[in-house]
Amino acid sequence: MSAFLIYVFVTSITPGPSNLFILSATKEYGLSGAKKFITGVLSGFLLLAIISIFCLFILEDFIIQIENFLKIFGFLYLIYLAFKTLTSGKYSANNKIHSSFKAGFLLQILNMKSLLFFITLIGAFIIPSTNVQPLIYIVITVIIGWACLIIWGLLGYYLKEFLNKYNYIFKITMSLLLLYSALSIFI
């Protein structure tokens, strides 16, 4: 169980598209302004957990067939997000992406890091473990994942002044991290 907990925590707390966008959303809009976006990400995370169990137990052969499509789509989506992040003005309409439930939800369910996270989680920890119910693993995973996503939101909120002072550097850094996330799909 300790290897499982370490895997879930380390994978959830390290930067990924959802974490980075939550950080950016709370930087721009504060916690209350980014609430819908964050709720969308959290809901998407929960849906991925549920779908992952279903897919890996019921549709294993189908997942293998569409894996390359998912990788390419996730790659292109992250490139798009990196471009939008870099080119958005401080208070432009492009930043509205951070204020809707739908944007957060779509970001999370199309997030290749999360898809691979759940596939690895189930393949490495849930399927081999016959003594613990899969639902217990998923509940623990969702709680840790949500906590880590909220930590990123709090960082954006409490570091707002610092991040705004260095907004251009912040946007470049965020864009490069999203670009790295996109490239890491194929590495």
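**Helix packing and a pocket lining**

Visitor: Which helix gives the most to the lining of the second largest pocket?

Guide: Helix 9 does, with 4 residues, a helix being a DSSP run of H or I of at least four residues, numbered from the N terminus. The model is predicted, with local features needing pLDDT of at least 70 and side-chain atom pairs 80 or more, while totals for chains, interfaces and linings use all residues. Residues are numbered from 1 along each chain as its sequence is written, and side-chain values use heavy atoms, without hydrogens and water.

Visitor: Which helices each supply at least two residues of that lining, and how does the lining divide by class?

Guide: Helix 2, helix 6 (112-126) and helix 9 (167-184) each do so, and the lining as a whole has 9 nonpolar, 3 polar and 1 charged residues (nonpolar: Ala, Val, Leu, Ile, Met, Phe, Trp, Tyr, Cys, Pro; charged: Asp, Glu, Lys, Arg; polar: the others, Gly among them).

Visitor: Why is helix 1 called roughly parallel to helix 7?

Guide: Helix 1 (residues 2-13) and helix 7 pack at about 30°, with their axes 9 Å apart. Because angles under 35 degrees count as roughly parallel, over 145 as roughly antiparallel, 65 to 115 as roughly perpendicular and the rest as oblique, helix 1 is roughly parallel to helix 7. Axes are lines fitted to C-alpha atoms over the stretch in contact, with angles from 0 to 180 degrees between N-to-C directions. The contact (heavy atoms within 4.5 Å) includes Phe-4, Val-8 and Ile-13 of helix 1 and Ile-140, Ile-144 and Trp-152 of helix 7, and its residues divide into 11 nonpolar, 3 polar and no charged.

Visitor: What makes helix 1 roughly antiparallel to helix 6?

Guide: Their axes come within 11 Å and cross at roughly 175°, so helix 1 is roughly antiparallel to helix 6. Among the residues in contact are Tyr-7 of helix 1 and Lys-113 and Phe-117 of helix 6, and by class the contact has 8 nonpolar, 3 polar and 1 charged residues.

Visitor: Why is helix 2 oblique to helix 7?

Guide: The axes of helix 2 (residues 17-33) and helix 7 (residues 134-158) come within 7 Å and cross at roughly 40°, an angle that therefore makes helix 2 oblique to helix 7.
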